[in-house]
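Below is a short briefing on one protein model. The points are grouped by topic.

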Amino acid sequence: RLYHNWQIEPNGSWTLEDQLPGKAKQITVGANADGRLELFYIGTDDRLYHNWQIEPNGSWTLEECL
């Protein structure tokens, strides 16, 4: 399964983990110029998936199979 958590403020405490959809063999994440994170991963079914934040520091979309 995929999980994420984040710091509430720089050098501050962390949130509880939140489960993202999917299961992964390999994973990578990058930040857009506007600060949103994008997640790409190879699922256990050997397909490529994509998930991204709707807004910086915001919630995530549902996964998309590429």
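Leu-48 belongs to strand β5, residues 48-52, where strands are DSSP runs of E with at least two residues, numbered from the N terminus. This is a predicted model, in which local features need pLDDT of at least 70, side-chain atom pairs count only at pLDDT 80 or more, and totals for chains, interfaces and linings use all residues. Residues are numbered from 1 along each chain as its sequence is written, and side-chain values use heavy atoms, with hydrogens and water left out.

**Surface**
- Leu-48 is partly exposed at a relative accessible area of 36%; buried means under 20%, exposed over 50% and partly exposed in between (1.4 Å probe, protein chains only).
- Asn-57, in the loop between β5 and β6 (64-65), is exposed at 77% relative accessible area.
- The C-alpha atoms of Asn-57 and Ile-8 are separated by 9.4 Å, although the two residues are 49 apart along the chain.

**Core**
- Leu-2, Leu-20, Leu-39, Tyr-41, Tyr-49 and Trp-60 form the largest nonpolar core, a set of buried Ala, Val, Leu, Ile, Met, Phe, Trp, Tyr and Cys residues joined through side-chain atoms within 4.5 Å.
- Leaving aside residues up to four places away in sequence, Leu-20 touches Leu-2, Tyr-3, His-4, Leu-39, Asn-51 and Trp-60 (contact: heavy atoms within 4.5 Å).

**Strands β3 and β4**
- β3 and β4 (residues 37-43) run antiparallel and are joined by seven bridges; strands pair if DSSP finds at least two bridges between them.
- Ala-24 has Gly-43 in β4 as its bridge partner.
- Five residues lie between the strands of this hairpin, where Gly-35 takes a positive phi near 95 degrees.

Key: Helix = DSSP H or I, 4+ residues; strand = E, 2+ residues; numbered from the N terminus.
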